[in-house]
Amino acid sequence: MPQQTEPGPARVTLARIVRPRGRRGEVAAEILTDFPERLTRLTSAYLWDGRGEPRRCAIRSCWLHDGQAIFHFEGSDSISDAERFVGLEVQLPLEERMPLPAGRYYVTDLAGCDVWEQGAELLGRVREVQLTGENTRGTPVLVVDTTRGELLIPLAEEICKRIDTAARRIEVRLPEGLRELNRES
């Protein structure tokens, strides 16, 4: 999933450069987006080392190969040029994320939302979203920190009745026994 970075203009990480590839200055990157085909259409991106300010860099080309994105950045023409990119994150401004269809949400938008029981009380705040394994189908789970401890709530339409990420609010109708099930585990 895409990850949000530290303070400053909000950005989303789409890939992480892992190694040089070939002799012409290309690099191979781990794909961290649900929309890898978008990487092939980028003409520029921000490169960030996790510490300083990210720098904008022109992209000569990008293609997908064996589950990785192969980038060729402007000014990178050799293996030694490409080695300078290893470890950098390829990012875009948050507002340039791919739009999602109705009823789909970015994990980064759900984390930090307050969870309210419909017509009742504030239950707590979403700490994280647990996703199912890559080859396993299933419903993601909201991990909610409450005053009584952790509460796991399936991210299902039948339970999560209203999600408003702009207002940082999720309204739920908990099925009977869900609270007790959480206390037992």
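**Strand pairing and salt bridges in the predicted model**

R169 counts as partly exposed, at 28% relative accessibility. In this predicted model, R169 forms a salt bridge with E171, with the closest N and O atoms 3.0 Å apart. E171 also forms a salt bridge with R162, where the closest N and O atoms are 3.5 Å apart. The relative accessible area of E171 is 16%, below the 20% limit, so E171 is buried. R162 is partly exposed, at 41% relative accessibility.

The count of salt bridges comes to 14. One of them joins the side chains of R127 and D145, at 2.4 Å from N to O. R127 lies in strand β9 (residues 122-130) and D145 in strand β10 (residues 141-146), so this pair ties together parts that are 18 residues apart in sequence. R127 is partly exposed at 39% relative accessibility, and D145 is partly exposed with a relative accessible area of 34%. R127 and D145 also belong to a network of salt bridges that links them with E128 and E150.

Strand β4 (residues 44-48) pairs with two strands, β5 and β7. The pairing with β5 (residues 55-65) is antiparallel, over four bridges, and R55 in β5 is the bridge partner of L47. β4 and β5 form a hairpin with six residues between them. In the turn, G50 has a positive phi of about 90 degrees. The pairing of β4 with β7 (residues 89-93) is likewise antiparallel, over three bridges; here Q91 in β7 is the bridge partner of Y46. β4 is mostly covered, four of its five residues being buried.

Terms used
Residues numbered from 1 in each chain as written. Predicted model: local features only at pLDDT ≥ 70, side-chain atom pairs only at ≥ 80, totals over all residues. Heavy atoms only, no water. Buried < 20%, exposed > 50% of the residue type's maximum accessible area, 1.4 Å probe, protein only. Pairing = 2+ DSSP bridges. Salt bridge = Lys/Arg side-chain N within 4 Å of Asp/Glu carboxyl O.
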